[in-house]
Amino acid sequence: MRETRVNAGDTERTPARVVLRFLARHPRSVGSLAAVGITGCYIGFHTMLIGAGLAAVAGASWAVLDRPTFDRFAGRLLRAWWRRWLTYHRKWQRVIFSCGLVQSSPKGESRAPRLLAVRSSWCWDSVRVRLLDGQTPADFEGVLDRLASAYRARRATLRTLKPHVISLDFQKKEPFEVLLTPLPEMPREESAVDLSRLPIGQDEYGREFALNFVDGLHHLLAGAPGAGKGSWMWGLLRALAPWIRSGRVRLWVIDPKGGMEFGQGEGMFHRLATDDTSGLDLAREYVDTLDERKETMGRQGRRNWTPGDSAEYPLDLLVIDELASMTEYADRDITREFERLLSKALAQFRAVGGRVVGATQEPTKDVIPMRGLFPTKVALRLEEASYVDMALGEGVRDRGAFADQIPDYMPGVAYLTREGHREPLRVRAAYTTDDDITELVRFATSHDATVLDFPTGTDSADSAEAADTEQTETETDSLDVEYIEDDGDEDEDFDAA
Ligand SMILES: Nc1ncnc2c1ncn2[C@@H]1O[C@H](COP(=O)(O)OP(=O)(O)OP(=O)(O)O)[C@@H](O)[C@H]1O
């Protein structure tokens, strides 16, 4: 039996059985204690205590002098071990019982799902759990709030690692309160651009976060006013800078709010429309252009477009800042035709180099009836809890995407789902200031071979201040998580991300 039995009959819980079971389940902890005991016998316990004291002083000095490396090589292991025994294991039976996750067998035995392992990073603890027969991850999803409260965590999310094994992730700290999300360096060479990896920020584990326009295709950004959609869109354009400059990417931009968001970039756009009427014209031209390309490629026997393989067929990126202005608030004739054109752009031009990025404040069906055609969906701060599932898909909020709870002092933070992952990921796009945009436009519209760096050092300091996010730079490496103590199962798939 893999699960833990609670209050099993007397014959089951003889002291010998309990000890043997403990030895079998915790070979590493038992082995370490045995090693300490044997060493003590050989060299004497006094000598060992002095050695342990010296090691403790050396460890504490290391932690004070170089926290990141200490955390990377020792701190996370100690923390995982400590938290496993003193936090999770100690309260496990009680918590799991009070959350209604204990089962009774016909013989009257109670069985609790088994806590297998703990990994710990500075923000997150990941607790690996083996489910009981008949339990599903949904049973835990329904009590995530209670689990978080029982373990004094900010929130809890769940990931399915393999059939019957889940990871409960407890957030202890808010990483984006302390993580500085630096603006990724703007690439200068065409060869530095990889369409499947366009860096725009960091995920909550401190790792680089990049957009994928090869597999991710079209992107839908949903966010309340001021949620930071602009940073995502400008971040994307910065990551494409050398391709925009060389014409490998053509930007078709609809900014129906009079060009307030994108007016600054006019010089580098292939087309810019700043109201609904011209937006519709632009959408028509976009669809005609790609329709024509589809026919030409068909005649040439080319079945697929490869990023950047020919100047003749650039990546045609359609960017729409506020979808509702085109699909909801414009005249009926405009909205109807625009919806038809947008659906066609989303459904038919993948193989000929068409991509769409759309932003909306309300991800409702009225505003984006074709939202299912966006393979990548991003939820920034949203006004309503019900908007989260509208933006990300049915049931995603229950799996931990609390986009409606993103504080408004954290613009740029968002949840997204990824192909092949059930669990949402939380990320933050770096802030793109007006000066960063000026640098981008200057670079993308310059035909001079030598492009001078735009002086951004002080500007980024200003912008960090403007963003009003009190952030302290933290060593990314220190966010690695470590797995400690297992019952012998494979653990490659037990990762905190
Ligand atoms: N990634 C970020 N990091 C820190 N601050 C940011 C970030 N993105 C945006 N901000 C701050 O939030 C403000 C609003 O951002 P932004 O204009 O991009 O929001 P928006 O979602 O586009 O809003 P709207 O829908 O009204 O256009 C910015 O002026 C800036 O001060």
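Two strands are taken as paired if DSSP finds at least two bridges between them. Strands (E, at least two residues) and helices (H or I, at least four) are DSSP runs, numbered from the N terminus.

**Entry 1: ground rules.** I noted that this is a predicted model, in which local features need pLDDT of at least 70 and side-chain atom pairs count only at pLDDT 80 or more, while totals for chains, interfaces and linings use all residues. Residues are numbered from 1 along each chain as its sequence is written.

**Entry 2: the whole chain.** I looked up the totals and found 15 helices and 18 strands in the protein chain. A residue is buried if 20 or more other C-beta atoms lie within 10 Å of its own, exposed if 12 or fewer, and partly exposed in between, with C-beta atoms placed from the backbone. Of the 497 residues in the protein chain, 41% are buried. Two residues are in contact if their C-beta atoms, placed from the backbone, lie within 7 Å. Among contacts in the protein chain with a separation of 6 or more, 69% are between residues 24 or more positions apart.

**Entry 3: the sheet.** I followed an open sheet of ten strands with mixed pairing, in the order S9-S8-S17-S16-S15-S10-S14-S13-S11-S12. Its edge strands, S9 (208–211) and S12 (271–273), each pair on one side only. The twist from one strand to the next averages 25 degrees. For angles, axes are lines fitted to C-alpha atoms, for helices over the stretch in contact, and angles run from 0 to 180 degrees between N-to-C directions.

**Entry 4: strand S10.** I checked both partners of S10. S10 (residues 219–222) pairs with S15 (residues 376–379) in the parallel sense over four bridges, and His-219 stands opposite Thr-376 in S15. S10 also runs parallel to S14 (residues 354–360), joined by four bridges, with Leu-220 opposite Gly-358 in S14. Which way do the side chains of S10 point? His-219 and Leu-221 point one way and Leu-220 and Ala-222 the other, and all are buried. Helix H13 (residues 385–392) lies across S10, S15 and strand S16 (413–416), at about 160 degrees to S15.

**Entry 5: two positive phi values.** I looked at Arg-152, a residue other than glycine with phi near 55 degrees. Arg-152 sits in the loop between helix H6 (144–150) and strand S6 (155–162). Arg-152 counts as exposed because it has 9 C-beta neighbours inside 10 Å. His-164 also has a positive phi, near 85 degrees, and lies in the loop between S6 and strand S7 (165–171). With 16 C-beta neighbours inside 10 Å, His-164 counts as partly exposed.

**Entry 6: H2 and H3.** I found helix H2 (residues 27–43) packed on helix H3 (residues 45–65) at an angle of about 120 degrees, with the axes 7 Å apart. That makes H2 oblique to H3, as angles under 35 degrees count as roughly parallel, over 145 as roughly antiparallel, 65 to 115 as roughly perpendicular and the rest as oblique. Thr-39, Gly-40 and Ile-43 of H2 make the contact with Phe-45, Thr-47 and Met-48 of H3.
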